[in-house]
Amino acid sequence: MSVVAGLDIGTQSVKLLVHDTDRRRTLAIRGRPLALVEGADGSREQHPEWWIAAAAQCFADLDAGLRARIVAIGVSGQQHGFVPLDAAGEVLAPAKLWCDTSSWRECDEIMAAAGGYRQCIALAGNPILAGYTASKLPWTRKHRPDVYRRLATILLPHDYVNFWLTGERWMECGDASGTGWLDVRKRSWSAAMLAATDADRDLSRCLPPLVDAHFSAPIASATADALGLSREVRVSAGGGDNMMAAIGTGNVAPGTLSVSLGTSGTLFACADRPLVDEDGLWAAFCSSTGDWLPLVCTMNCTVATRCVADAFGFEAGEGDLLVERTAPGADGLLMLPFFNGERTPDLPSARASLHGMNPGNFTRANVYRAAMEGATYALRHGLDALRRAGLEFEAIRLTGGGANSAPWRQLVADVFDLPVEMPAETEGAAFGAALQALWAWRHHAGDAAGIAGIAREHVALDEARAARPDAGRVQSYREPYRQFLGQLAALQQAHAATA
């Protein structure tokens, strides 16, 4: 019996999923929470040692016999983070995360040095948006000069966990796409974008080699012994959480749309060619399977509903009950849910706002619904951009913590006017990492089977949690969505006027 594991290093927690590849079922899921260091300047940081401690505890929580049967591990990680290492491989400073907007000014500086927003897209396929790894380097040079001086290796969060597991340093093209330095058309580092980040230093010397999507490396003997794992375990290339969620939801061939309702919201598709937009309306990423992954990321999804729930003191599950008692459109209340600033559209200094308030509609139920609707409208705005590029979809594969909410699943179906399919395995990123580990393990053994076949074998759908668009509600959401677009356009104009 072949057992593989997927380790997901998220913003709020670390999760470990163990999958039986013969019986095609999940044997165990373990999780540990993570703290977040937040600053008034928009900084969001974590200590990488927290990830390692949480991951080690997840393994320790497994039965020893189960740990001994694991043959391969894949690691999924939150994208865009910056882990600085010195020449000895020691961490020099807390990791700045994807949701860290403190370096938004440095985004503009890099793009100006490269020749502007559109020139960045011409050079590498993407502009440098808030949260991208590239912007964290000049920020570190200004605010942590000693760290920058001693910097020897740049790693992303999942790369650092791979380093802990194997003692080796590498990157793969999926997660590397989110640095802002990878030319996604050529799958190689852009010398021009690296120079725009720091013209006085060759940053390419700090970047580990890029590996193929089916790459794997042996686990370090000492790490295997400490975790109670076999020394024969192989660690796959891994990838960003969105890339792993694509695998975990079966989105490994063109024609499928995945939507993740997590702290951030994402929607992404598989493409067999680079799909770059000259206006940067979506992220032109590579996948972690050898293809490409056009992706729209909003920085505010479940964070919006969580903020409202915290403000009004909701009990667990109370928000869903209140949404079910309110009507589409929240009785005219509309939220732009930009609590953390926003990436898509590019509004890093934006803040959340409520519109249309009156004495009758300003209730906690309507505010909560407005947060859920606003987060969904922001994702629908991204879908509209992909459709204008010629992509069409027949259904949505939904994942992420928000997908556990039945009202939110129905809301997505109605706002997108598409059927919602729910993978049976809800931990999409961790499951995708486990399936990539299986692919890499088989490839190492000489099996050239592709990842698409593995996904077809192992990704099942839960029909009981599916949602279908309701014609009446689809119509009810059209005017509120139009109003959302109008408020968004006004905010963009105000942002442009003050830039």
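A: Start at Gln46, whose bridge partner in strand E8 is Ala95. Keep in mind that this is a predicted model. Gln46 sits in strand E5 (residues 44-46), which runs antiparallel to E8 and is joined to it by 2 bridges.

Now follow the chain along to Gly116, in the loop between H3 and H4. Gly116 is partly exposed, because its relative accessible area is 22%, and the cut-off for buried is under 20%. In helix H4 (residues 117-124), the buried residues are Cys120, Ile121 and Ala124. These three cover an arc of only 100° around the axis, so they sit on the same side of H4. What do the buried residues of H4 pack against? Their partners are helix H3 (104-114), strand E11 (182-183) and helix H9 (191-197). Just after H4, Gly125 takes a positive phi of about 105°. Across this stretch, the C-alpha atoms of Gly116 and Pro127 are 11 residues apart along the chain and separated by 8.6 Å.

The largest nonpolar core has 63 residues, and Ile128, Leu137, Ile154, Trp181, Trp189 and Met193 are the ones that touch the most other members. Helix H16 (residues 428-444) gives the most to this core, with 9 residues. Take Ile154: leaving out residues up to four places away in sequence, it touches Phe82, Val83, Leu137, Met171, Trp181, Cys206, Leu207 and Pro208. Apart from this core lies another, of 55 residues, with Cys301, Ala304, Val323 and Met335 among them.

Strand E20 (residues 292-298) is worth a stop too. With 7 of its 7 residues buried, it is largely enclosed by the rest of the structure. Trp292, Pro294, Val296 and Thr298 point one way from E20, Leu293, Leu295 and Cys297 point the other way, and all are buried. Strand E18 (residues 265-269) is joined to E20 by 4 bridges and runs antiparallel to it; there, Phe268 has Leu295 as its bridge partner. Strand E19 (residues 283-286) is also antiparallel to E20 and joined to it by 4 bridges, with Cys286 standing opposite Trp292. E19 and E20 form a hairpin with 5 residues between them, and in the turn Gly290 has a positive phi of about 100°.

Last, the cysteines. How many disulfides does the structure hold? The count is 0. For Cys270, the closest cysteine sulfur is in Cys286, 11 Å away, which is too far for a bond. For Cys297, it is the sulfur of Cys301, at 9.8 Å, also too far for a bond. Cys270 counts as buried, because its relative accessibility is 7%, and Cys297 counts as buried at 7% as well.

Technical notes. Residues numbered from 1 in each chain as written. Predicted model: local features only at pLDDT ≥ 70, side-chain atom pairs only at ≥ 80, totals over all residues. Heavy atoms only, no water. Buried < 20%, exposed > 50% of the residue type's maximum accessible area, 1.4 Å probe, protein only. Arc of directions from axis to C-beta. Contact = heavy atoms within 4.5 Å. Core = buried A, V, L, I, M, F, W, Y, C linked by side-chain atoms within 4.5 Å. Pairing = 2+ DSSP bridges. Disulfide = S-S within 2.5 Å.
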